[in-house]
Amino acid sequence: MATRNELEVKFISRMLSRLVGEMNAEVCDQCGKCSSACPVSKEIEGFNPRQLIAKVSTGRLNGLLKEDAIWTCTTCLKCRERCPEEISPYDVILILRNLAYRAGYSYPKGYDDFIEGVKESGYVSKPQTVKTRDGGKMSREDMGLPEVAGPEDMGRFRGIVEGIIEAGKSG
Amino acid sequence: MKYALYPGCTVQTDQFGYEASVRETLPNLGVELVDMRGASCCGFPALSSISKVGWHYLSARNLAIAEKMGLAMLPLCNGCHLSFIETMHFLEEDLELRSIINSHLEKEGLMYEGNAKVVHLLEVLHDQVGVDRIRGQVVKPLKGLKIASHPGCHAIRPSDLQKVDDPEDPRKLDDLIKALGAETFDYPEKIDCCGSQLAVASGRTTLKIAGDKLKAVKSYGFEALVTTCPFCFKMYDGRQRAIKGALKDDSLDLPVFYYTQLLGLALGSSPDRLGLQMNMSPVDSIVERITE
């Protein structure tokens, strides 16, 4: 079990060190283009990609990992697109999420439901019956859409996914 | 033009109007769609947030299936599209990661060779089929309709990994809207995010971000909003009522369509074949205007 978690941490850390290496080479000027483009900074006080990069580049990770803020990024990628120094707050945030999860800190419980769905059918959820505008109901079959076929050997697929994801979870 | 069709979780689970309108319209434009046997979730957004290895495994699994089919893969979701692009990038850059992913894929007789091709629906329609061909096949032009273009974040960014369209001035969806005879014009919020990925962490903020854009779109005189992303569509269409409630603004009524639904209407398909009965926003009067 532990070895698999170590594997995750190894690759997460490798990605983070590569990014931080790039950041050191480029140096964040704290120009704030990331924060001014960020849709979440406008709405949630305490979410600020510019400050986040300042904290990461000075090694103040621990507080960040415990904050809800890292889970509120919409992944719109404007920060990555507009950074004049080619630093990507988006990628840093995804790495912090991975580290927070591995460290056993809180994360949105909705993600567990997604993963349960994947383990059950190969997809986040099974096809639903959906509402029509006039109060009726429709299935894929009603629409003439083909049946959804996930992995052929679900047992084997589930085993692989569990092996990779679940085994590394701490806490 | 032949592609491996990858609808993805969101589309095949409850966005039947998108999948149906893609299957209805693309073959009429000379595009052959082949279903992928044994495909699975791409890993975005849950796995990319908590398990890098798990995320790339799931993405690469689908890429490997498409490679085996010998076809470029056409994901219908912007989120899936970027997920595949990112995985291709990381597995190109990190061969140790690729060999670990392949050791898992092997258990199902799969192998990611690194030759996969992924195309975006906007590229297929705009660059492969072409605006001229679409314009030439229109039988019910969308004359006089003012439609806002919403390409969605993951279709246009990050430009260092993909070049579906210009990251700051995307025009392909606009060109495709005009090909149907409708009008569109630039607006300041065009490349802004719908906020859907925040729903899992903060439902209220999600509605505020989406609502602000809806409000802006209406204020410029647009009569409808068009996208090709199921996350964005669900936000603006399915959750429009919730947005109105959260912003306490009943005037935020805006018809929302998948591009392929409008394309289908313009090409003469019946609204039911395009799944328009499942759009929850008030689309009736526009559908009537086009089909009458």
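1. Setting aside neighbours within four places in sequence, B:L274 is in contact with B:G17, B:A20, B:S21, B:E24, B:Q261, B:G264, B:L265 and B:S269, where contact requires that the C-beta atoms of two residues, placed from the backbone, lie within 7 Å. The model is a predicted one, in which local features need pLDDT of at least 70 and side-chain atom pairs count only at pLDDT 80 or more, while totals for chains, interfaces and linings use all residues. Residues are numbered from 1 along each chain as its sequence is written, and chains are lettered from A and ligands numbered from 1 in the order in which they are written.

2. B:L274 belongs to the loop between α13 (259-266) and α14 (284-291) of chain B, the helices (H or I, at least four residues) and strands (E, at least two) being DSSP runs numbered from the N terminus. B:L274 counts as buried because it has 29 C-beta neighbours inside 10 Å; the terms are buried for 20 or more other C-beta atoms within 10 Å of a residue's own, exposed for 12 or fewer, and partly exposed in between, with C-beta atoms placed from the backbone.

3. Chain B is divided into domain 1 (2-108) and domain 2 (131-291), with bounds that come from an automatic or database domain assignment. The centres of these two domains of chain B, taken over C-alpha atoms, are separated by 24 Å. To the contact between them, domain 1 of chain B contributes 23 residues and domain 2 of chain B contributes 26 residues. On the side of domain 1 of chain B that touches domain 2 of chain B, α1 (9-14), α2 (16-25) and α5 (78-93) of chain B each supply at least two residues, and the largest share, eight residues, comes from α2(B). By class, that side of domain 1 of chain B has eleven nonpolar, ten polar and two charged residues, where Ala, Val, Leu, Ile, Met, Phe, Trp, Tyr, Cys and Pro count as nonpolar, Asp, Glu, Lys and Arg as charged, and the others, Gly among them, as polar.

4. Taken as a whole, chain B has 14 helices and six strands. Its radius of gyration is 19 Å, close to the 19 Å that the globule rule gives for 292 residues, so chain B is as compact as a globular protein of that length; the radius is taken over C-alpha atoms, and the rule is 2.2 Å times the number of residues to the power 0.38. Of the 292 residues of chain B, 61% count as buried, and of its contacts with a separation of 6 or more, 77% are between residues 24 or more positions apart.

5. The largest nonpolar core has 142 residues, and those with the most contacts inside it are B:M73, B:A224, B:L225, B:V226, B:Y236 and B:L262; such a core is a set of buried Ala, Val, Leu, Ile, Met, Phe, Trp, Tyr and Cys residues joined through C-beta atoms within 7 Å. Apart from neighbours within four places in sequence, B:L225 is in contact with B:A148, B:H150, B:V217, B:Y236, B:L254 and B:V256.

6. Chain A has eight helices and two strands, which follow the pattern α-α-α-α-α-α-α-β-β-α along the sequence. Its radius of gyration is 20 Å, whereas a compact globule of 171 residues would have one near 16 Å. Buried residues make up 38% of the 171 residues in chain A. Chain A is divided into domain 1 (2-102) and domain 2 (110-168), and the centres of these two domains of chain A, taken over C-alpha atoms, are 31 Å apart.

7. Within chain A, the buried residues of helix α3 (residues 49-57) are A:P49, A:L52, A:I53 and A:V56. Seen down the axis of α3(A), they fall within an arc of 100 degrees, so they line one face of the helix, the arc being that of the directions from the helix axis to the C-beta atoms. Their cover includes α2 (33-37), α4 (61-66), α5 and α6 of chain A. Just after α3(A), A:G59 takes a positive phi of about 75 degrees.

8. Between the chains, 57 residues of chain A are in contact with 47 residues of chain B. On the side of chain A that touches chain B, α1 (2-26), α5 (78-82), α6 (89-102), α7 (110-121) and α8 (154-165) of chain A each supply at least two residues, and α8(A) gives the most, with six residues. By class, this side of chain A has 34 nonpolar, eleven polar and twelve charged residues.
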